[in-house]
Amino acid sequence: MEQESRLYKVLYQSILTQIYSGVLRCGEAFPSQSELCQRYQVGITTVRKVIRMLKDEGVICTSAGKRATVCFDESEKGYIQSLMQRRESILDIYSGLELLMPSLYAGGAMRCSDLSAFVDAADPAGSQITNNRNIAAFFTEMLLPYNNQTVLDLQTDMEHYARFPYVMQSQLENPFTVSTDFMEQNLSVMQEMAERKEREALIARLEEMYKNAGHQAKIYLDELQRIVPIPEELVDYQWFRGKNRSPLYAAVAQSLYRRAQLGEFSNRTYFPSEPEIMRTYKISKSTASKAMSLLSDIGFIHTIEKKGSVLRTSEELAPIRIEQNIIEKNLTLFLNVLQILAVCTRKLSAAAFSMLDDSQLADTASEWELSPLRQRSSGIIHIITAFLKAHMPFKCLENILEQFDDALIWGHYLDRPYVIIEECVSLAQEGFEQFAFACESLRKGDRESAAASIQRTFRAIFLDARLYTLICFKNADKVPSEI
């Protein structure tokens, strides 16, 4: 119920943003319940609750047996003002997407059997709506081989928050027409690259696509700014809330884990109690209790009866307290995030390293080598993701990594000694070696080699975690594909 509560808030805010900014206009048909369920990957109960809220808000109209319609009406000037509130975040999104999505699309395209049907369906003489759907289907098809819902979440949010209304009264060129023309002209080229397995060439073409779209968006928004200046109050940055699929207690546990690793509790005899956690994070007793259970399960804390909890120092692990099906579900989320990082961290790391001079890179290498977390694969993940979050040049990527971070706490379950498999041991060792290579490259100021080693580090850890999960939990249909 806690997770469902967070999901409906995300859905509600996403739709309101589209309505208030004019993406969904007055008089237009509102997406059906089944469309919303599929698009957001949420249950019908969540969708119906949000529809009731939107009706009560007065932004949609519903009637028995008929499709709901948008009834919120705003002047063109009002839509422009709303758009100006999101201007900086929209431009930031396009820049961030240029780093993130091309690698994901290209990686999936290498495993697609046939993309020609989507190219053949494109008709220059056809309607723009139909062609836009074919283009969207083409790109979705490239992501399906991952068997990863989080990848599809990224694409869904991209469509919602990177898109904005075209104001006809502005008499400006429609930026989406220009971008659509570019994509239509390049679909067949990208399909041929996928067939020939030309991954790097496809990445470059996709990066060009995002650069072109971002350029057109900037021209359009700059021209609109001449009509309506940027408002004093900007809309809070909202893009990619990760659908809040990771439970709230996992985010609390991850925060406590981070704080402890930074030494915040080193001068205390006992770890923060449940009442203290409730006050600090403004959460219920149930959520605080689950966060403590998670930290105990992964072997981070040990509870002394009638006294309190302390950081665990012995090798002995307490019995698992969280239900097996919940662990398996969230391990899938962890693997989804890890798979994305395994595909994208070369580009993300290169962007982060570019923000530092050579002496700062050497300091980073020393910090990583001295960290006690480097002794476990899960610890290496935390070291690198914390660094990436702190040095991302674009807010949307920092936002995405922040959401990913909540899911990474579940990876510690794989540190428990369920079984010892030789192939897992070999993959884990490869991860440690590649991490060492990355540190060595950073000391030399070789950003490109360091970024490549970071990606190989994540790939080895992902393959190890994936195999270990399949062996221990045997839930193959939910586990993301090999990469």
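Trainee: What does the secondary structure of the protein come to?

Mentor: There are 19 helices and 4 strands. Keep in mind that the model is predicted.

Trainee: And how much of the protein is buried?

Mentor: Buried residues account for 53% of the 483 residues.

Trainee: What about contacts between residues at least 6 apart in sequence, how many of them join residues at least 24 apart?

Mentor: The share is 78%.

Trainee: Can we take one residue as an example? Where is S14?

Mentor: S14 sits in helix 1, which covers residues 2–20.

Trainee: Is S14 buried or exposed, and why?

Mentor: S14 is buried, because its relative accessible area is 1%, and the cut-off for buried is under 20%.

Trainee: Which residues does S14 touch?

Mentor: Leaving out residues up to four places away in sequence, S14 touches Y40, H160 and Y161. The C-alpha atoms of S14 and D157 are also separated by 8.7 Å, though the two residues are 143 residues apart along the chain.

Trainee: Switching to strands. How do strand 1 and strand 2 pair?

Mentor: Strand 1 (residues 60–63) and strand 2 (residues 66–70) are antiparallel, with 3 bridges. I60 has V70 as its bridge partner, and C61 stands opposite T69.

Trainee: What is in the hairpin between those strands?

Mentor: There are 2 residues between the strands, and G65 takes a positive phi near 80 degrees in that hairpin.

Trainee: Which residues other than glycine have a positive phi?

Mentor: K197 is one of them, with phi near 60 degrees. K282 is another, with phi near 55 degrees.

Trainee: Where are they found?

Mentor: K197 is in the loop between helix 9 (175–195) and helix 10 (199–227). K282 is in the loop between helix 12 (274–281) and helix 13.

Trainee: How do K197 and K282 count in terms of accessibility?

Mentor: K197 counts as partly exposed because its relative accessibility is 45%. K282 has a relative accessible area of 73%, so K282 is exposed.

Trainee: You mentioned helix 13. What span does helix 13 reach?

Mentor: Helix 13 (residues 285–297) has 13 residues and reaches 18 Å from its first C-alpha to its last. That is close to the 18 Å expected at 1.5 Å a residue.

Trainee: Which residues of helix 13 are buried?

Mentor: They are T287, A288, A291, M292, S293, L294, L295, S296 and D297. Just after helix 13 comes G299, with a positive phi of about 80 degrees.

Trainee: At what angle do helix 11 and helix 13 cross, then?

Mentor: The axes of helix 11 (residues 248–261) and helix 13 cross at roughly 55 degrees and come within 8 Å. The two helices are therefore oblique to each other, and their crossing is right-handed.

Trainee: Which residues meet there?

Mentor: From helix 11, L248, Y249, A250, V252, A253, L256 and Y257 take part. From helix 13, they meet T287, K290, A291, L294 and L295.

Trainee: One last pair. How do helix 14 and helix 17 cross?

Mentor: The axes of helix 14 (residues 324–353) and helix 17 (residues 395–408) come within 9 Å and cross at roughly 145 degrees. This crossing is left-handed. On helix 14 the contact is made by L333, F334, V337, I340, L341 and L348, and on helix 17 by L397, L401, F404, A407 and L408.

Methods. Residues are numbered from 1 along each chain as its sequence is written. This is a predicted model: local features need pLDDT of at least 70, side-chain atom pairs count only at pLDDT 80 or more; totals for chains, interfaces and linings use all residues. Side-chain values use heavy atoms; hydrogens and water are left out. Two strands pair if DSSP finds at least two bridges between them. The expected span of a helix is 1.5 Å times one less than its number of residues. Buried means under 20% relative accessible area, exposed over 50%, partly exposed in between (1.4 Å probe, protein chains only). Contact means heavy atoms within 4.5 Å. Axes are lines fitted to C-alpha atoms, for helices over the stretch in contact, and angles run from 0 to 180 degrees between N-to-C directions. Angles under 35 degrees count as roughly parallel, over 145 as roughly antiparallel, 65 to 115 as roughly perpendicular and the rest as oblique. A crossing is left-handed if the near helix is turned anticlockwise from the far one by less than a right angle, and right-handed if clockwise.
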